[in-house]
Amino acid sequence: MGTVFSFDVRGGRPGAVQAALEKAVAGLHRVNEVFSMYRDDSQLARLSRGELTVADCAPEVAEVLELGAEAERVSDGWFSMRYEGRLDPTGIVKGWAAERAARLLASTPGVCGVSMNGGGDVQLLGAPEPHRPWRVGVADPLRPGGLAAVVSSAGADELAVATSGSYERGAHIVDPRTGRSAVTDLVAVTVVAPTLTWADCWATAAFAMGSRAGLRWLESLPDVEGLLITAGDEVRCTGGLAARLG
Amino acid sequence: MHALKKNRPLRRVVLASAATVSSMVLLLSLKPHSTPAPAVAVPAPSGSAGAVTGTRTVTGDSVQTRWGPVQVRITLKSGKLTEVTAVVYPTENPRDQEINSFALPRLRSEALQAQSADIDTVSGATYTSDGYRQSLQSALDSARG
C-alpha cells in the first residue's frame, strides 16, 4: 500500500512555495524509485540481490545505510535493516525522506512553519503563525476516531511525532534475539523527538521491545519522549512527555 | 480493514495552494505494511475561516480505487468542517458492505475529531482508505481555494 504524504506550509510567496513543493514531491518520487523494495529494478532491490554495490548507487543510499546502522547500534538491534536475511532499510527511509522534504520546504524564503505528515509520522518545523505552536493529535489505537494525546510544538523549533502500531507487526518488526516477529504487549508507541528520522526508528524499536523494556529504553535516550499504549489499554509515558503535551 | 489496503504506484497528486497555506497529498509505495494517518487537511483556522461564512457543501473528486470509485462530500459551516459523507463507495458485494459499515463511520469520525480538537495533523495507526482520503482532500482543497 502507498504512503500518503501531506504538507502544510505557512508563509512564503505562493510561487516560491509551489516551486519548493514540486521539488519536495520530486524528491519523494526519486526516493521511491531508488529505495522501494517492491520494485525489482530499484537500486535498493538490486543492492539487496548483490547486483550493485553501495558505490554504484545514488549517494543517498550510503547516507541512509549509515543512519540505519546507527539506529541498529543505538537500539541494540531492535531496529533492523534486515528482513528475512535480506537488506531492507524500508523502516528508516520513510521518516528520513519526510524529514528531508520538510527541511527543503522550510528553507524556502519567507516560510515560517512546515508540518509534514508521512503516513502518520510527522515532522514539524517552525510554527504555523506567531505565538501558535503546531498541534499534533495522537490517534488512539483502541478508540477509533479518538485521540490518545495532543502533542504541542511550543518551545521547539523542530519536533517530530512518530507512531508505530500493531498494524505494522509481522513485516518489519522483528525480535533480534529470535529473528521472528516480535511478541509485544503494545498496540502503539508514539515517540516525540526533534527529528523524524530518529523518532520513527525509536518508535519501531520500542514497539518491538514491549512496554517495560521499551519505556526504560526510551527514558535513557536524550531529548526523546514516548507514549506507549498496551493491548490492555494501559498508557505509559516517559517522565518528560507531559511537558510536550498541550 | 485489510481489504482497504491497496498496493499501487503513485497515481495522483493533489496540490493546493493558498496565500499562506499549501497542502498536498501523494502516494508512495514505500511502506506497504503501514496505513497512513488521516489526511485530515483541516482548513487552517487562520487560512480560510475568516473569508468563509455560512454553510457550504463541497463534493470531492471521484477517486478510483481497486474496489470502485469513492467520492466524499463535506459540509462547512463558517469555515469549519461539520459533516463528511461518502456519496459514492463500493457496494457491489457483501464484503464491500461489511467493510463500509465499519470503515466509513470511522473515517468520518476521524475527520471530525481532528478538527474539533483544533489540531494540525494526526500521528498514528488508523485505517483510512486512500480513496476516501483523496476525495476528502480534494473537497477541502476546493473549499479552501
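1. The crossing of α1(A) and α4(A) is right-handed; that is, the near helix is turned clockwise from the far one by less than a right angle. This is a predicted model, in which local features need pLDDT of at least 70 and side-chain atom pairs count only at pLDDT 80 or more, while totals for chains, interfaces and linings use all residues. Residues are numbered from 1 along each chain as its sequence is written, chains are lettered from A and ligands numbered from 1 in the order written, and side-chain values use heavy atoms, leaving out hydrogens and water.

2. Now α3(A), residues 59-74. Its 16 residues should span 22 Å at 1.5 Å a residue, and the end C-alpha atoms are 23 Å apart, which agrees. (The expected span is 1.5 Å times one less than the number of residues.) Just after the helix, Asp76(A) takes a positive phi of about 60 degrees.

3. Which residues of α3(A) are buried? Glu60(A), Val61(A), Val64(A), Leu65(A), Leu67(A), Gly68(A) and Ala71(A) are, buried being under 20% relative accessible area, exposed over 50% and partly exposed in between, with a 1.4 Å probe and protein chains only. They cover an arc of only 165 degrees around the axis, which puts them on the same side of α3(A). On the other side, Pro59(A), Glu66(A) and Arg73(A) are exposed. The buried set packs against α1, α2, β3, α4 and α5 of chain A.

4. As for α5(A), 13 of its 14 residues are buried, so this helix is largely enclosed by the rest of the structure. From first C-alpha to last, α5(A) reaches 20 Å, close to the 20 Å expected. Gly210(A) follows, with a positive phi near 95 degrees.

5. Two loop aspartates deserve a look. Most residues other than glycine have a negative phi. Asp223(A), however, has a phi near 60 degrees; this residue is in the loop between α6 and β10 of chain A and counts as exposed at 62% relative accessibility. Asp233(A) has a positive phi of about 70 degrees, is placed in the loop between β10 and β11 of chain A, and is partly exposed at 33%.

Definitions and conventions
Helix = DSSP H or I, 4+ residues; strand = E, 2+ residues; numbered from the N terminus. Arc of directions from axis to C-beta. Contact = heavy atoms within 4.5 Å.
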